[in-house]
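Work through the exercises below with the coordinates open. Each task is followed by a stepwise solution.

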Amino acid sequence: MQGIPIILAIVVMNFFLLNLAEGDAVDVLAGEAGSATPEYMEKMRAKFGLDQPLPVQLAVYLKNVVQLDLGYSFRHEMPVHELIFDRFWATLLLMTSTIILAVGFGILLGLFAAVNLNTWKDALISVFALITYATPLFWVGLMMIIVFSIKNDWFPTSGMENSAAFYEGFDRVKDIAHHLVLPTITLSLFYLALYTRMMRASMLEQYGQDYVVTARAKGLSERRITFVHVLRNALLPVVTMAGVQVGALIGGSVIVESVFAWPGLGMLAFESLFARDLNLLLGIFLLSSVLVVAVNLVVDVIYCFLDPRIEVN
Amino acid sequence: MKITKFMNAVMMTAAITFGGGAVQAQQSGGSLVFLVQPEPPTMAGYVSTSGPIGLLGPKIYDGLFDYDNDGKMIPVLAESVDMSEDGKTVTFNLRKGVTWHDGKPFTSADVQFTIMDVLKKVHPRGPNSFKEVSSIDTPDAHTVVLNLDNPAPYMLRALSAYESPMVPKHLLEGEDIKSAKLANNPVGTGPFKFTEWKKGQYIRLDKNETYWKEGRPYIDRIVGRFIPDASTRASAMEKGEVLYAAYNAVSNVEAVRLNKEKDNISITTDGYSMINPMALIEFNTKEGPFTDAVVRRAISTAIDRQFMLDTIFFGYGNPATSALSSNFAATGLHAEMPHYPANGDVAAANKMLDDAGYKKDSDGVRMTAMFDLIPYGEDWKRGGQYIQQVLGEIGIQVELRYEDVPTWLKRIYHNYDFEMNLNYFYQLADPVLGVHRHYGTNMIRKGTHFVNSSRYSNAGLDALLGAGMKEPNAESRSAIYLEIQNILARDMPVVNLFELEFLTVYNTKLKGAYGSAMGAYSSFGDAYLEE
């Protein structure tokens, strides 16, 4: 319930922030056209409602949002919700596969490093994590394309599906999965490093706790201590982090979406900013904030499973 | 009425086209995937001349004519055109048996509606191209008579599918044309039908089985793909995922590399002569350091145009020698002017400024200024850096400013808050269509983009521009434009730098897509894939 005022506050703030930018959608449209008469531009402004004072524009927008109407993108001549939901599935696909890969492997590697503390295995994992964390995403993406797409013809360079063949049914699913591999790996690498380091630190912290000493004194095996006691507690901060990062993933995937021409929300937001398509941009921000609030709810539920002491009221 | 020389050109071209078609053995079928960069906002080519719309629109909508690489008219929806002796009546004879993609017949009423209610009203350039058209008669379903207030010979250069697409009256009449559903669901008479637009991915067009031209198009499907990242675009080209990329969608550096390394990839500079892009510097002639024409002439004299072309644009382009592009030489509208040295002359420029009394201070600086750069990518930044260096040598210290597109447009064309601005303009197929807007007093229009931002105003020049517009006689017209070029070489509100040559990169299995002067903005009806 607290989520709703937060989301409304985000909408109002975004609205004023975005209106600080010079130029409007009409300037961009007319600029792209190469030339346009002033009468034409005036007519367009009136049509888009851009000739109204800002508070009026905001009131109109808020009224529409409350009625679950995200408005109309004059640039695309389409309702905003259609544009967003078209792209939402692509983002969701990339995001889900990335989180599963990054969190899953991050936990495994972190666990492995912590168990083998200060051996060459630990050092190797730490170096790997450091390098992937420090490498720019766009560079990784381009190298992936050069190595796995051009030098070795294993994966397509970009896009979400084959636009010469237009597969249908199960072939299409396979085709999309094929296109998903490189962007997912690229985007995962960065987050993978983060979760690995975090998991390792969290495991080490838990090993130092009193309950581990108690467990050892009880005569439990190291294996049982690690997997049943330490692992569950060590997961809490990682899960929290994953919840927070869902929001960042939507924005942070702009680079990967751009390099692999993945038709997600990040790219749409990026383009609509430069086109000053504020209705569309506000819609995307709204969806992201709803998504972040929703995911954090899910995270709270996961807490209860990991730690029975936490209860959902 | 008399058949003009245009008609002869038309008939000759038609003969050549048909002759050629019979000899070659074209293959039918296949998908042509090509790069469209960036993704267009809509598909309404009748409302916007935006580049990416131009790449797709002419595949769906036909024009009355197309133009071959020598500028001759190729009949498309109009089979011929007659112009009366006084130039004030233009008659189009339309092709019979043409239908829209929804099955309705294409008639003279569509042409009348398109020109009077669409192009003249909502098209960005249409009000100029069809300025003189006062009314249109349709004596029968296949004859269109344009009544002109004054002769408008340039109008016949603006009839391509990109510049003036013919749109269906039955789908637009009574609607608000700018927001009509047609924008995202185009219905034309062209060789390809609109099928699907996956935002962020591609636009798919399928073969129009009932196209008026027998046996065309050859290709089954055209897909315009959007790839935001320049390096990925080059990779997709290299891998053969896309077969065609125009308007530098693949950057010059990658294009030259692919051309060299890959046997199946070639490059061409053809297909841009009707667009005629010209790189230039606009000056604020009302305020700031560049109100004196001497300074502007000195800047033009100092810049080494050939060096800029060679180092930044891989040699693709020609140094400008006048306010008008040398592509207009074919119609006698170009002459070489002073103060346009290809290699730049810093000493002469310094002398010009010394003689005019602009003294250097102890640091060798005569004046300082802000230099805005067109925000269309790295090439323009580098161009700005070179000019900054050269101007330093003649004592003009400039600071570079690079902003995002809306901010920049607002600064230059709305607030006039600039001193000098690096830019490029399309000079199009005739000076009236592309150049007049840059110099006429009536084109000082606050808030309108790509017009007279210098706010240069010269009554003598205005009169000449007006005369050049109406003059039907080629020789007299040539004399008028010579005088115009002289005035502009003296006053230089705008310093032209070089005629840009855009590169088209293509996979050699794509054939037959290069016969039109409109290049990538043509229909691809004759294109075919050789496996």
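Predicted model: local features only at pLDDT ≥ 70, side-chain atom pairs only at ≥ 80, totals over all residues.

**Exercise 1. The extent of the interface**

Task: State how many residues of chain B and chain A are in contact, and what area is buried between them.

Solution: 
- Step 1. On the chain B side 51 residues are in contact, and they meet 52 residues of chain A.
- Step 2. Between chain B and chain A about 4,300 Å² is buried, and carbon and sulfur atoms give 54% of this area.
- Step 3. Within chain B, the most area is lost to chain A by B:Lys178, B:Lys199 and B:Lys239, together 14% of what that side buries.

**Exercise 2. Polar links and contributing elements**

Task: Count the salt bridges and the polar contacts across the interface, and find which element of chain B gives the largest share of its side.

Solution: 
- Step 1. The rule finds three salt bridges between chain B and chain A.
- Step 2. B:Glu39 forms a salt bridge with A:Arg87; their closest N and O atoms are 3.8 Å apart, which passes because the cut-off is 4 Å.
- Step 3. Eleven residue pairs, both partners at pLDDT 80 or more, are in polar contact between the two chains.
- Step 4. The elements of chain B that give two or more residues to this side include strand E1 (31–35), helix H6 (230–239) and helix H12 (405–413).
- Step 5. H6(B) supplies the largest share, six residues.
- Step 6. Sorted by class, the chain B side has 15 nonpolar, 18 polar and 18 charged residues.

**Exercise 3. A sheet in chain B**

Task: Give the strand order of the six-stranded open sheet of chain B and explain why one side of each edge strand lacks a neighbour.

Solution: 
- Step 1. The order is E14-E18-E13-E17-E15-E16 in chain B, with mixed pairing.
- Step 2. Strands E14 (317–319) and E16 (396–402) of chain B are at the edges and have a single partner strand each, so one side of each is left without a neighbour in the sheet.
- Step 3. From one strand to the next, the twist averages 30 degrees.
- Step 4. E13 (residues 277–283) and E18 (residues 494–500) of chain B pair in the antiparallel sense over five bridges; B:Ile281 stands opposite B:Val495 in E18(B).
- Step 5. H12(B) lies across E13, E15, E16 and E17 of chain B, and runs at about 100 degrees to E17(B).

**Exercise 4. A salt bridge within chain A**

Task: Which parts of chain A are linked by the salt bridge of A:Asp122 and A:Arg200?

Solution: 
- Step 1. Over all chains, the structure holds 32 salt bridges.
- Step 2. In the one between A:Asp122 and A:Arg200, the closest N and O atoms are 2.8 Å apart.
- Step 3. A:Asp122 belongs to helix H6 (residues 120–134) of chain A and A:Arg200 to helix H8 (residues 170–207) of chain A; the two residues are 78 residues apart, and the pair links distant parts of the chain.

Note on methods. Residues numbered from 1 in each chain as written. Chains lettered and ligands numbered in written order. Heavy atoms only, no water. Contact = heavy atoms within 4.5 Å. Buried area = accessible area lost by both parts, 1.4 Å probe. Salt bridge = Lys/Arg side-chain N within 4 Å of Asp/Glu carboxyl O. Polar contact = N/O pair within 3.5 Å; in protein donor to acceptor, adjacent residues only side chain to side chain. Helix = DSSP H or I, 4+ residues; strand = E, 2+ residues; numbered from the N terminus. Nonpolar A, V, L, I, M, F, W, Y, C, P; charged D, E, K, R; others polar. Pairing = 2+ DSSP bridges. Axes fitted to C-alpha atoms, helices over the stretch in contact; angles between N-to-C directions.
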